Amino acid sequence: MTSCCWRLMFVSIVLAFLSGCSSSVDEEQVDFMLGDMLEPFSPHSLDELDAKTTWIDQPVVDTLDRLRSYQVDQGPMPVSVTEALTIKNDSPENNTKIIGALGRVAPSDGQGVNYDDAVVVHTAGDLKSSNPIMASSVTDFEVGDLISPGLFTFDWEMQPLANAEMVVSWRTSDDRMVDKVVLRNDWTWSDGTPVTAQDVEFSFKVIMSSQVKPPAVRQGTDKIRWVKAYDDRTVVFFHKQALATNVWNVNYPIIPKHIYQETIDRDPSMTRSDEHSRLEDDPITSGPYVLAKRVRNQEIVLRRREGYYMHKGNQVRSKPFFSTVRYKIIPDTNTALLSLKAGETDVQILTAEQWQSQTEGDDFYERNTKITGLEWTSFHFCWNLKTPFFSDIRVRRAMSHVFDYDEMLNKIFYGLYTQGRGTFHPTSWMYPKEAPPAYRQDLDRAETLLEEAGWVDHDGDGLLDKEIDGRSVPFRFTVLTNNTPNGVKVCTLLKECLDKIGIECMVKPTEFTVLTQNMRDHKFQAAMGGWGTGTDPSTSLNIWGTDEGRNYGHYSNPRVDELFEAGVIEFDPSRRAEIYAAIHKILWEDQPYTWLFYRNSFYGFNKRLRGYKFSPRGPFTYGPGFRSLWTPAAQP
Amino acid sequence: MLNYLVRRLLIAFVTLLLVTFVIFGLVRNMPGTPLTTDPAMMDPSKQISPEDLRRLEKLYGLDKPWYESYFIWIGNLARFDLGRSIAQNNRPVIGLIGERVGATLTLSATSLVLTYLLSIPLGLWTTVHSGSVRERTLSTVLYMLYSLPSFVAALFLQILLAVKLGWLPLLGMVSDDYASLSGLGKAWDIFCHALMPVACFTYGSLAYYTRFIHSNMQEVIRQDYIRTARAKGVPPRRVIAHHAFRNALIPLVTLIGLTLPALLSGAVILERIFTWPGMGSLFFESISQRDYPVIMGLTLVFSILTLLGQLLADLLYAVVDPRVSYS
């Protein structure tokens, strides 16, 4: 084998040198065709369309205004700002008080806002791409939200809406097959060119071109049949199917046609040519901020764009609250916390450990305060249903009865997290009204269930066993986990719990990439994992649908598949909620996962900042998200 | 000599091919691909379609067996093309490495020079004063430094000098207003930023080298020729510097050869703590992202330096040890 490889290597090296070497792996010699992945489609004229369609108005919302009136409805502040700045966040009550007072949005007339302030935000990773079509990382989406917002967004309750800063009207046909959007005429790119419906159509076609390789945004966008710009302001989205998720699918990023139509056929990768590299560092964008400077792996600097809120001498949108937004890239969380304490950064995600033991002293509260918010991010043990152990529903239920939830929540997570209650979060609209009770540790119940499933210590070696295909199989399995202290602790706790009832569990911590690949390849018996939330519950089909890509444990229930199919074509909110609640209940019955806990958001904010509101995905990247953050001119 | 050099270079070339071949095979066979943990793949709302996944695999050459990809890589290398990063938005590997070299050298070269400048006199001093209270104290301190993990020292230094006292910048290589500074101001700015990382980078090897020189010298000064030198009345200083140290240099030269790759490999943990934009963090990130072209680019650079270092060490032997000859 070795000598064969050797020979192969040398022969090929010689060949490679002689032949002047094969070209790089990814060159494609085909001419670029814009939108070549689309099926031909000839839309009606706008008049014909209007004549035959009954339009339903959809929400066009100024998200900042919506948050403002929401806060007014919540009543007066629980405590004064001065008091909120002095209290320590050591209880849920104090958390409510701090966010109630400091979370207030600036008044709509901008009175008392320090518009000259610069905010410094910590981020762990660099911007991969400033081109929203090539975006993939958390930083890409956070920065993209400020420099390249789309026509649509969603609020803190994950309700989709069109952004009133860009859109005049949004209407959907009564058969849900067409969306018509009219853009504002005072929205411009950073080079002064108006943002038009042609840009929206062009961006769609770019995303649907086979030679363009967008990492994230094609999924969903490919459910749209066609996008047609009828004039500079009117754009119509034609769908392939009437889906409840169409409101999400139309939310794709927009790039300037007048720039990219010149360059894209020369470099469809949008990353390689010199002109695209220049655009990467100095992009033409349409948002409230522009990319002013980026020093790779160090910082990303955004500057407020006057052309966004001022148009022909008039103020047409609310003025963005900061003159500069500076993202500081600090990969090490300890260093990041030190920089927050030193006042060098103003906003930072905290870990549970930092929240609990490194931010309770005066060195932190001198300049900062901290907030926690509910996040729909859950962690679980995933059981592989193709193993002889976990194919039996009784064994999976026994597993959920064995685990010591209180020990995990109180000892490992300091009482900061709540117990997992199934696939949807208890505060979500999908969560069933009569929710099943949470599992509690009950070793007797677990042993009974295991006995019913045939797992008994027949040979007296202290380990449960069962005869499978004429062979005695001991109950011994490995649980994979990401190699983080908490992951290892939770799995070790599982191991200790299982020891008590005669099951041997080996904890195998691995690098995250290895864990992910093994799970994707179904090469595991049990594994600890976690999921953030999608914007719509229908997206969790990829976790629970039979043979879906993220269904790592081979779970399959035809009823669940049917319900997912029904949910995505149901438009009535209460009926949709019932469908997803039913899915939730079936999954709870089947226990393909043992749901462990929900991880909350923990944030440190400099005391001069105001206006933060937490969504189920944290305080940013929703509408208004980061845009509601401000600093008062007069600090108490 | 020339004959020797040519032979060594040829062996080095074959070694290089072997090393890259083995590393390429290992890296490509680790579980996971650059697409496994692509953030886009992790978005709970979206799931990349199998067709798009195949398109991306084809784009990055992941659809080919690893040895085929290796030959393509070698082929491109022959045209001085190291390829493009997968995880970092198609940026050329050569550029990624290029933008980190300066930062890494600032740290490692300074640290290396400092280490030698300080450890040689310290090593000789401890030899001369061997057994005295002062020497014992210094040696104990050096031992303690050697055992103190640099990431702990880094954190303490940061808390003390940056957060509590505010004397030095906490992180990074330059200040936010770096571009507007004068030439001298820029140099001062980098100097201030580099102080803590250089200190953390240096003290461990300083302790090690000092002890290394000390123990070698201890061995050498017990030799007969040292006694002879002393007996014939050579001044003690000259005995140490000329007779003893010259002979203690031989193992040191081996170390110099081996430190050459360390000049560029950077320091993963210290770079992360100080947010220093060096090669160590690039290597670390590229491995966890399975960014094959970057891993291979860096492997190539490190291998070349290792081989050059060894060659340099062998050549330096001939300089310091007249018994060694390559002709």
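The model is predicted, so local features need pLDDT of at least 70 and side-chain atom pairs count only at pLDDT 80 or more, while totals for chains, interfaces and linings use all residues. Residues are numbered from 1 along each chain as its sequence is written, and chains are lettered from A and ligands numbered from 1 in the order in which they are written.

**Contact between the chains**

- Chain A contributes 55 residues and chain B contributes 51 residues to the contact, where two residues are in contact if their C-beta atoms, placed from the backbone, lie within 7 Å.
- On the side of chain A that touches chain B, at least two residues come from each of α1 (2–18), α8 (218–221), α13 (333–341) and α20 (512–520).
- Helices (H or I, at least four residues) and strands (E, at least two) are DSSP runs, numbered from the N terminus.
- This side of chain A comprises 18 nonpolar, 26 polar and 11 charged residues; Ala, Val, Leu, Ile, Met, Phe, Trp, Tyr, Cys and Pro count as nonpolar, Asp, Glu, Lys and Arg as charged, and the others, Gly among them, as polar.

**Sheet in chain A**

- In chain A, 3 strands form an open sheet in the order β2-β5-β4, with mixed pairing; two strands pair if DSSP finds at least two bridges between them.
- The edge strands of chain A, β2 (60–61) and β4 (152–154), each pair on one side only.
- Strands β2(A) and β5 (residues 160–163) of chain A run parallel and are joined by 2 bridges.
- A:Val61 has A:Asn163 in β5(A) as its bridge partner.

**B:Leu315**

- Helix α13 (residues 292–320) of chain B contains B:Leu315.
- B:Leu315 is partly exposed because 17 other C-beta atoms lie within 10 Å; a residue is buried at 20 or more such atoms, exposed at 12 or fewer, and partly exposed in between, with C-beta atoms placed from the backbone.
- B:Leu315 and B:Val253 are 62 residues apart along the chain, and their C-alpha atoms are separated by 9.7 Å.
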